[in-house]
Amino acid sequence: MTSQTDRLHSQLSRFEDVFPGHRTEIVEGNIVASPLRPVHNETIMRLWMLLESQLDAEWGLVSDVAMVFSETNEFCPDLAVMPAVEKNRNLSAYPADPIELAVEVVSPSSVRNDYVVKDREYAARGIANYLIFDPIKGEVGVRWHPGPEGYRGRDAFPYGDDVTVETSLGKVVLDTSKLPVDPGE
């Protein structure tokens, strides 16, 4: 990693300590702190189990670990699938290049970042598949065919049934019937 990457990560680490109970990222050059919510965490845990049971041993999952995309974007995907050899390095920050599949769970404070900023940045980096789980809408957005301005392939499916996604990792089947829906405030 570059010294610029180290500088950004050290800034991010300092803010994580200042905002306990929040997930922090650097998005478009700004420190963004999102409060943690039970529906968000439950969704991540259920998806982790679903994905882990379908991945070959050469793939690993990480959650909320910094992934450096650029000087202005250091994201912490809710889940990211990368080669197990990379995951096993056990770093506090990774370059974005090893990510093969990114998963974000939308919260009220992350709507624009998940649907617009990360869609564009994940696709521009060439991440083959991006899944957006939205407990507010009760649906999952499936993105594929990355390009410089975002994903050219897009589908949305309501929670309730199995969603089958053809990924670069192979076919993944996600049972959305047990995913929680945000009751609103």
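Two rings of Phe, Tyr or Trp (its six-membered ring) count as a pair if their centres lie within 6.5 Å. By this rule the count comes to 5 aromatic pairs in the structure above, which is a predicted model.

**Aromatic pairs**
- F69 and F75 make a tilted pair, with 4.9 Å centre to centre and 55° between the planes.
- F69 has a relative accessible area of 6%, so with the cut-off for buried at under 20%, F69 is buried.
- F75 is buried too, because its relative accessible area is 0%.
- Y122 and Y130 pair edge-to-face: the centres are 4.8 Å apart and the planes stand at 85°.
- Both of these tyrosines, Y122 and Y130, are buried.
- A single aromatic cluster takes in F69, F75, Y122, Y130 and Y151.

**A charge over a ring**
- Over the face of Y115 lies K137, at 4.8 Å from the ring centre.

**Cavities**
- How many cavities of 30 Å³ or more does the structure hold? There are 2 of them.
- The second largest cavity has a volume of about 50 Å³.
- Its lining is made up of R37, V39, H40, V106, S107, P108, P135, I136 and D182.
- Sorted by residue type, the lining of the second largest cavity has 5 nonpolar, 2 polar and 2 charged residues.

How values were computed. Residues are numbered from 1 along each chain as its sequence is written. This is a predicted model: local features need pLDDT of at least 70, side-chain atom pairs count only at pLDDT 80 or more; totals for chains, interfaces and linings use all residues. Side-chain values use heavy atoms; hydrogens and water are left out. Rings of Phe, Tyr and Trp (its six-membered ring) pair if their centres lie within 6.5 Å; planes under 30 degrees apart count as stacked, over 60 as edge-to-face and the rest as tilted. Buried means under 20% relative accessible area, exposed over 50%, partly exposed in between (1.4 Å probe, protein chains only). A charge sits over a ring if NZ of Lys or CZ of Arg is within 6 Å of the ring centre and within 35 degrees of the ring normal. On a 1 Å grid over the protein atoms alone, a cavity is a set of points where a 1.4 Å probe fits but cannot get out, and a pocket is an open set with protein on both sides within 12 Å along at least five of seven lines; lining residues have an atom within 4 Å of a point. Grid points are joined across faces, edges and corners, and a volume is the space filled by probe spheres set on the points. Ala, Val, Leu, Ile, Met, Phe, Trp, Tyr, Cys and Pro count as nonpolar, Asp, Glu, Lys and Arg as charged, and the others, Gly among them, as polar.
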